[in-house]
Amino acid sequence: MTAFLLACTLNGIVNGGIYFKNVNVCIHYKDVLDNQTFMKGDEPQTYECICKLVPFVDTDKVKVY
């Protein structure tokens, strides 16, 4: 199955990912989550997300929403 991966990083460190069947849903979540910032101590932390096409996902091993 082809899917779209929403991959998010927090200050360049991979923080998680989730697979979607529909690119529009992936883009919606990306738009909501991307560029959020918060302060941790004295440092600002930035959450960055992208949607990426994944040509094949084994649905027996990965949940696709």
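Author: Let us begin with Lys30, which counts as partly exposed at 23% relative accessibility, a value that is not under the 20% required for buried and not over the 50% required for exposed. Please keep in mind that this is a predicted model.

Reader: Where is Lys30 found, and which residues does Lys30 touch, not counting those up to four places away in sequence?

Author: Lys30 is found in helix α1, and, with residues up to four places away left out, Lys30 touches Leu6, Cys49, Ile50 and Cys51. Lys30 and Leu6 are 24 residues apart in sequence, while their C-alpha atoms are 6.9 Å apart in space.

Reader: What is the pattern of helices and strands along the sequence of the protein?

Author: The protein has 1 helix and 4 strands, and read along the sequence they follow the pattern β-β-α-β-β. Of the contacts in the protein with a separation of 6 or more, 54% are accounted for by residues 24 or more positions apart.

Reader: Why is the pair of Phe20 and Tyr29 called stacked?

Author: A pair of aromatic rings is described by the distance of the centres and the angle of the planes. The centres of the rings of Phe20 and Tyr29 are 5.4 Å apart, which is within the 6.5 Å needed for a pair, and their planes stand at 10°, which is under the 30 degrees set for stacking, so the pair is stacked. The structure holds 1 aromatic pair.

Reader: What makes Phe20 buried or exposed, and what makes Tyr29 buried, exposed or partly exposed?

Author: Phe20 has 6% relative accessibility, and because buried means under 20%, Phe20 counts as buried. Tyr29 has 39% relative accessibility, which lies between the limits of 20% and 50%, so Tyr29 counts as partly exposed. For the protein as a whole, 22% of the 65 residues count as buried.

Reader: How do you know that Lys63 lies over the face of Tyr65?

Author: Lys63 is at 5.5 Å from the ring centre of Tyr65, and the distance part of the criterion asks for a charge within 6 Å; the direction must also be within 35 degrees of the ring normal, and Lys63 is accordingly listed as lying over the face of Tyr65.

Reader: What is noted about the phi of Asn11 and the phi of Asn35?

Author: Most residues other than glycine have a negative phi. Asn11, however, has a positive phi near 55°, and Asn35 has a positive phi of about 65° although it is not a glycine. Asn11 has its place in the loop between β1 (3-10) and β2 (13-20), whereas Asn35 is found in the loop between α1 (23-33) and β3 (36-40).

Reader: Why is Asn35 called exposed, and why does Asn11 count as partly exposed?

Author: The relative accessible area of Asn35 is 52%, and because exposed means over 50%, Asn35 is exposed. Asn11, at 38%, falls between 20% and 50%, so Asn11 counts as partly exposed.

Reader: Which residues is Thr46 in contact with, leaving aside neighbours within four places in sequence?

Author: Thr46, whose place is in strand β4 (residues 43-54), is in contact with Thr9, Leu10, Asn11, Asn35, Gln36 and Thr37. The C-alpha atoms of Thr46 and Gln36, which are 10 residues apart along the chain, are separated by 5.8 Å. Thr46 has a relative accessible area of 21%, which is not under the 20% limit for buried, so Thr46 is partly exposed.

Key. Residues are numbered from 1 along each chain as its sequence is written. This is a predicted model: local features need pLDDT of at least 70, side-chain atom pairs count only at pLDDT 80 or more; totals for chains, interfaces and linings use all residues. Side-chain values use heavy atoms; hydrogens and water are left out. Helices (H or I, at least four residues) and strands (E, at least two) are DSSP runs, numbered from the N terminus. Buried means under 20% relative accessible area, exposed over 50%, partly exposed in between (1.4 Å probe, protein chains only). Contact means heavy atoms within 4.5 Å. Rings of Phe, Tyr and Trp (its six-membered ring) pair if their centres lie within 6.5 Å; planes under 30 degrees apart count as stacked, over 60 as edge-to-face and the rest as tilted.
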